[in-house]
Amino acid sequence: MFSWLKRGGARGQQPEAIRTVTSALKELYRTKLLPLEEHYRFGAFHSPALEDADFDGKPMVLVAGQYSTGKTSFIQYLLEQEVPGSRVGPEPTTDCFVAVMHGDTEGTVPGNALVVDPDKPFRKLNPFGNTFLNRFMCAQLPNQVLESISIIDTPGILSGEKQRISRGYDFAAVLEWFAERVDRIILLFDAHKLDISDEFSEVIKALKNHEDKIRVVLNKADQIETQQLMRVYGALMWSLGKIINTPEVVRVYIGSFWSHPLLIPDNRKLFEAEEQDLFRDIQSLPRNAALRKLNDLIKRARLAKVHAYIISSLKKEMPSVFGKDNKKKELVNNLAEIYGRIEREHQISPGDFPNLKRMQDQLQAQDFSKFQPLKSKLLEVVDDMLAHDIAQLMVLVRQEESQRPIQMVKGGAFEGTLHGPFGHGYGEGAGEGIDDAEWVVARDKPMYDEIFYTLSPVDGKITGANAKKEMVRSKLPNSVLGKIWKLADIDKDGMLDDEEFALANHLIKVKLEGHELPNELPAHLLPPSKRKVAE
């Protein structure tokens, strides 16, 4: 079916893999899913119809959190550049949604102009009205990070009913709209302010069904000591567990994400390791963008199917002439029973159904007489898409991922710790002695030589069996010792001389100190007498 996707493109266009998968997704949506959505008015209840810009756009990262948790500072830290129109302070400073995107020149675009731009994926935000659009803008700037991803900065989340009403628009609904379209959701917490307000709790609940996109960051962790940090981390996990009702533990990254000196540097190594983990997660977004769009299309198709069953069931129950209003109230009140019946009749998972209370609220304002009866052909087309077309497209995604160069977010803070002496782990573990003129293993070689000559060497080498007797004293598992053996047996003769034995013990020491072993032996760890052999 997708043979037409194999055609080449003009020079200067984006990689073939992205173009073909994106084109296929657009075609599947327009021809197979969109007719079902339009027939049962899916957009009026859930999410507006997708446009080309929703498929073509760069991966997006949504940054959310209560005020003064460091959201804007976090974005500027990633970009290593100030964002036009942004302001940083301890009070609630960001009162609008800011789409930080790549542009040839620095500048801002107001919300009303942004939602009419066909090249931006924001046209469907128009129904949220002028109150929201006046608090929505795009900040454009030439930054290498933004060549790969876009970032959505959000207003600081407040507490209390009064603040929520005074926004003048449905804040949680806007966040949910973005959550459906972004690739990653980063929730920031302040180590000094762990209380989860009413509005923040509502926001997190609005992100339900997008838990796979959520990453939690415990920011400003350098401002508290280690013992307090342990307690704060535990309290945060407990608070999140009450709101995010999933058996899985949410991934929490701990650190201080701004360019100021650490107030309490005791946990510097922890912060560096956590930062690298988070950066790797963000850097992988362009590589997984096509798969994420495919996954979101599948979720949307499953919800659209359930929606069609609900609407057609309500239509079927409605009287043709008299008593429509009373029947409508009865059906809305008994919607849970209708859910159960649909679940049994069509073998649908309970997790595929929309939120019951929200659906009841939406149905109150609908005219049931305009609902459509069940049209099996439309559903069969979507079933065929899920059963066959998506499977073919999955294969295409994997094939093209293997054919194209690895895509990663580059620039900004992502470059600062990749190379040079300030890279994570530089000079530690297997990297120890990387800048030394002498072989780093030589420091402890006299001690290792004493052990070596007790293991009955023959012609200056010990057998694997004799080496094993000594190496297992480390109590490391055989899988780790096997890897150490492969790294240390440089000439691959199944035996170890004194230098190779010393190297093996050095690698055991590296592992016992809690560091990871390299996949290949670094050049600085090669014994001096073996360096010509390796070349």
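Buried means under 20% relative accessible area, exposed means over 50%, and partly exposed is in between (1.4 Å probe, protein chains only). We're working with a predicted model, where local features need pLDDT of at least 70, side-chain atom pairs count only at pLDDT 80 or more, and totals for chains, interfaces and linings use all residues. Residues are numbered from 1 along each chain as its sequence is written, and side-chain values use heavy atoms, with hydrogens and water left out.

**Exercise 1.** Decide whether Lys32 is buried or exposed, then find its salt-bridge partner.

*Solution.* 
Step 1: Lys32 has 15% relative accessibility, so it counts as buried.
Step 2: A salt bridge needs a side-chain nitrogen of Lys or Arg within 4 Å of a carboxyl oxygen of Asp or Glu. Lys32 pairs this way with Asp384, with the closest N and O atoms 3.1 Å apart.
Step 3: Lys32 sits in helix H1 (residues 16-39) and Asp384 in helix H16 (residues 376-403), so the pair ties together parts 352 residues apart in sequence. (Helices are DSSP runs of H or I, at least four residues, and strands are runs of E, at least two, numbered from the N terminus.)
Step 4: Asp384 comes out as partly exposed, at 31%.

**Exercise 2.** Which residue forms a salt bridge with Arg341?

*Solution.* 
Step 1: Glu317 does, at 3.7 Å from N to O.
Step 2: Arg341 belongs to helix H14 (residues 335-346) and Glu317 to helix H12 (residues 289-317), 24 residues apart.
Step 3: Arg341 is partly exposed at 29%, and Glu317 is partly exposed at 34%.
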